[in-house]
Amino acid sequence: YTKKETTKAYPKIGNYTKNIYEKLPFKLTGAQIKGMREIRKDISDSKQMNRLIQGDVGCGKTVLALLSASLVADNEGQIAFLAPTEILARQHYKTIKKLADLVGLKVELLLGGKKGEERGSLLDLIKNGKIQLLIGTHAIIQHDVKFNNLGLVIIDEQHRFGVHQRLSLTSKSKDYPPDILIMSATPIPRTLELTAFGSMQVSRLL
């Protein structure tokens with residue numbers, strides 16, 4: 001397990017997280033609660049989180065991603081959520097926005113097709129910290145997308161992105177490396193996990 005970089009700690013549990021917990025339309029499973037405790041411990045630490053959530057489609061990875069984002073938002077950080085396709089980005093946005101709207105968490109979607117004045121206005125809101133959670137495709141990696149205080153990067157199916165793409169996103173944090181949360185529905189044998197994900201800790205939602 002490799003040494004982690006020092007980053008900003010997010011120890012506060014505030015209204016976004018508390019209210020989302022209260023408004024969830026279901027109870028978290030034991031595996032989800034365990035995974036969330038692990039993530040919360042990582043996020044509240046001054047060592048960079050580098051965690052993989054592994055589990056089948058429908059096992060609740062997106063809910064854990066939202067709760068992780070809310071913890072960072074409670075501490076006035078921003079979150080970037082990178083999805084490999086527009087269909088997946090829209091699905092995550094639709095799922096997350098329903099709950100986020102109930103608690104006042106500002107979420108936006110950025111896809112490659114957004115252009116001109118509409119895109120410029122959105123980029124200004126991101127740069128000024130008015131958008132707390134930005135969900136999108138590779139469009140959020142582009143050089144003109146600037147964050148005010150990027151604290152967490154969530155990547156869905158990391159293997160679909162190149163190293164340079166991932167670095168382009170994590171480097172958008174100005175003063176310190178962001179925490180990193182990877183989501184994957186792809187079963188990962190333990191032997192491969194040690195080589196491909198050796199620097200990560202793993203939470204399984206089984």
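Predicted model: local features only at pLDDT ≥ 70, side-chain atom pairs only at ≥ 80, totals over all residues.
Helix 1 and helix 4 cross in a right-handed manner, where right-handed means that the near helix is turned clockwise from the far one by less than a right angle, and left-handed that it is turned anticlockwise. The contact (heavy atoms within 4.5 Å) is made by Tyr-16, Asn-19, Ile-20 and Lys-23 of helix 1 and by Leu-99, Leu-102 and Val-103 of helix 4.

Residues are numbered from 1 along each chain as its sequence is written, and side-chain values use heavy atoms, with hydrogens and water left out. Helices (H or I, at least four residues) and strands (E, at least two) are DSSP runs, numbered from the N terminus.

Helix 5 (residues 116–127) has 12 residues, which at 1.5 Å a residue should span 16 Å, and its end C-alpha atoms are 16 Å apart, in agreement; the expected span is 1.5 Å times one less than the number of residues. The buried residues of helix 5 are Arg-119, Leu-122, Leu-123 and Ile-126, buried meaning under 20% relative accessible area, exposed over 50% and partly exposed in between, for a 1.4 Å probe and protein chains only. Seen down the axis of helix 5, these buried residues fall within an arc of 100 degrees, so they line one face of the helix; the arc is that of the directions from the helix axis to the C-beta atoms. Their cover includes strand 2, strand 3 (107–110) and strand 4 (133–136).

Strand 2 (residues 78–82) contains Leu-82, which counts as buried at 0% relative accessibility. Leu-82 lies 8.7 Å from Leu-169, C-alpha to C-alpha, although 87 residues separate them in sequence. Ala-83, in the loop between strand 2 and helix 4, is also buried, with a relative accessible area of 0%.
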